[in-house]
Amino acid sequence: MSAQVNDLLRPMGITRNVSAYSILLRCIELTYEQEDRLQAVEKEIYTPIADQRCCDPKAIQSAIRRATRTAWDTNPDYVQQLAGYPLTGAPSAVQFLEMLYNAAVRAV
């Protein structure tokens, strides 16, 4: 799974040296374990990762939002392609997670 996520993130300028990289990877892993987690992202994804990192769930959400903005600013066409539907601007953090998850599952 790590290789697929890495291949998805690299064209958007999110590489392993970006702090959000490991957060996004863990988000996708948690979603892969149980897809229903996307229906309760704060409780099922942000909070467990925040607990592991000893921080607030809002910090996790903020890191994902920053990564989303980086992806959109770096390669909006690729983000549009991942979405599979028209976007009028950068996707939300949850939309971005769902897009990455769907693309990673397709790549497996």
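Is asparagine 6 buried or exposed? Asparagine 6 counts as buried, because its relative accessible area is 7%, and the cut-off for buried is under 20%. Keep in mind that everything shown here comes from a predicted model.

**View 1. Asparagine 6 and its neighbours.** Zoom in on helix α1, and you'll find Asparagine 6 there. Leaving aside residues up to four places away in sequence, Asparagine 6 touches Arg16 and Tyr21.

**View 2. The largest nonpolar core.** Here's the set of 38 residues that makes up the largest nonpolar core. Met12, Leu24, Ile64 and Leu100 are the members that touch the most others. In soluble globular proteins, nonpolar side chains tend to be buried together.

**View 3. Methionine 12 up close.** Now pick out one of those core members, Met12. Not counting residues up to four places away in sequence, methionine 12 touches Thr70, Ala71, Thr74, Asn75, Tyr78, Val79, Leu82, Phe96 and Leu100.

**View 4. Helix α3 and its bend.** With 13 residues, α3 reaches 17 Å from first C-alpha to last, close to the expected 18 Å. Look for a bend of about 30° at threonine 47, with proline 48 following within four residues. Just past the end of α3, cysteine 54 takes a positive phi of about 55°.

**View 5. The buried residues of α3.** Val41, Ile45, Tyr46, Ile49 and Ala50 are the buried residues of this helix, α3. What do they pack against? Their partners are α2, α4 and α6.

Notes. Residues numbered from 1 in each chain as written. Predicted model: local features only at pLDDT ≥ 70, side-chain atom pairs only at ≥ 80, totals over all residues. Heavy atoms only, no water. Core = buried A, V, L, I, M, F, W, Y, C linked by side-chain atoms within 4.5 Å. Buried < 20%, exposed > 50% of the residue type's maximum accessible area, 1.4 Å probe, protein only. Contact = heavy atoms within 4.5 Å. Helix = DSSP H or I, 4+ residues; strand = E, 2+ residues; numbered from the N terminus. Expected span 1.5 Å × (residues − 1). Bend = angle between axes of the 7 residues up to and from the residue.
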